[in-house]
Amino acid sequence: MRKENFRIFRAAWAGITLAFTANFALAESAHGIAMYGDPALPPDFVSLPYANPDAPKGGRVVFGNTGGFDSLNPFQLKGTVPWQLRYWSYESLMGRSWDEPFTLYGLLAESIEVPEDRSWVEFTLREEARFSDGSPVTIEDVIWSYETLGTKGHPRYRGFWTKVESIEQTGPRKLRIAFNTQDRELALIAGMRPILKKSQWEGKDFATDTVDGAPIGTGAYVVSDYEAGRYVTLQRNPDYWGADLPFRAGTQNFDEMRIDFFGDETVLFEAFKAGELSAVREFNADRWEVAYDFPAATRGDIVKTEIPHQRPSGMTGLVMNTRRAPLDDWRVREALLLAFNFEYINGTITGGSQPRIQSYYSGSVLGMRPGPAEGAVRELLEPFADDLPPGTLEGYSLPEGDSSERNRKDLRRAAKLLVEAGWTVQDGVLRNDGGTPLELTVLIRQGDSEMDTVIGIYGRALERLGISLKVETVDNAQFVERETNYDFDLTRYRRELSLSPGNEQRYYWGSEGITEPGSRNLMGMNSPAAEAMIDAMLTAKEPEDFVHAVRALDRVLTAGRYVIPFWTYDVGRIAHKKELRFPETLPIYGDRTEFMPHVWWHQPE
């Protein structure tokens, strides 16, 4: 790694001490644990650096979601759940600092112990830890939660359980988890499993049964009222057990938080303009400039706030389902990328003000570098050279269209690739040798007006190639069901990525997701190279090795041509009522969902 890049990487890790030895020794810490080195905060810290410990408590906020919900259990595959519930109502043994790439501090657990090789992890529960109903959190609850989530919970929790050799109580408030594989991240992942109350589920099947209201958690907020598909209200528990923890100082400040549901973004925005919602996130830079001139904004009752961040771009766009022919052919996927004239579409949607995502980790030190793969990155990839998509080693960059809708040059390139893949135009329709037309379906969630515009332009371009693009717009429940079962050719895709990628990458790109419903491998990729790069990340013994492995993975993902990338969200844009305030110190992760409303507060003038 070049010295300048290593300097940037060290800065991004927010002061973590990179104390390595030849055998990858661990810097142990009773109050917290870091992926590399020591936690940045000392044992006697008084608050997280991006929280205001003097923030007042009180007030009410209302947020808006599109679609609906039919469940309050975020831990089952069954049903559609308000996504905020996992963050507002449930806790883990450890809590994450969003000012460090991957550092955890004690939450339900007062301490953590690990050996040098991290082959096991031991937690000591806080004696005062309580569920929202006032009952104590026990080791039995913790062990049951790990086992139940790992065997019957949502698929996102199951991968970790396969790496657990044993889990046992080792003291009145202690438990130890031993692992069956070498993976230094597992100790941290263990600290992030949500803890639920065992007795609430006695006589019920966790995978399919329901409980009255929501599962009982330990978080500061509990569901106080709801109507399926319309709204859910949460109240801050006045007896919340962790209110005096330094980790919670200046957080969870609102007395009440409500989520209202709307049919589409347009109706949601009108509700915000009318004062019915407290804040909205704006993802369109052009709309940010021109659509916020309504009376409440011009009076100053609504404030526009931009929150910078240092996290990777992630990937937003149209994902192609390679489980289905002909999308399993990289040449067809490249042709579809060429037909997507980003320059014209971006000018239409955002006024050309938002740059395109260039790779999954672009905008960060972890992103692949332009041109051919070199050095350690090339060494990691070369064993898979025969099976890698073209451009992985040689260098790959996205097609650049022109400002006209016709985009003739790229469409000619696309047509040539399609011929190579066995598709020719016959009587104006693209067909294969057997005469089957190339017809694709794009699945859209009801109310996604932005996608209507994008697909309208894109569909006309595909028509010029003889490809039929059919749009299927479905309600939220149908969308979730079809996405869960990979019932689409193309659909809208968003994958947020962090500065500390780890085991979750298998859930995103691993081969198990090809057939297992509910994974995040929506593209259905089956790449031994990608899985090898994930292995290299998880066993890296130096930060440089970790960066090389992620950059190599970024090449495999990008050159795989699985997603047609849209524009990047290089800054967070939140419009909110003037009474809502936030700390001056911002975390490196910026406006992540845990930032708003986690450390905001209500303060009338």
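Arg 324 counts as partly exposed, at 28% relative accessibility, where buried means under 20% relative accessible area, exposed over 50% and partly exposed in between (1.4 Å probe, protein chains only). The model is predicted, so that local features need pLDDT of at least 70 and side-chain atom pairs count only at pLDDT 80 or more, while totals for chains, interfaces and linings use all residues. Residues are numbered from 1 along each chain as its sequence is written, and side-chain values use heavy atoms, without hydrogens and water.

**Exercise 1.** Find the salt-bridge partner of Arg 324 and state what the pair ties together.

*Solution.* A salt bridge requires a side-chain nitrogen of Lys or Arg within 4 Å of a carboxyl oxygen of Asp or Glu. Arg 324 meets this with Asp 489, the closest N and O atoms being 3.0 Å apart. Because Asp 489 lies in the loop between α14 and β19, and Arg 324 in the loop between β14 and α9, the pair ties together parts that are 165 residues apart in sequence. Asp 489 itself is buried, at 9% relative accessibility.

Key: Helix = DSSP H or I, 4+ residues; strand = E, 2+ residues; numbered from the N terminus.
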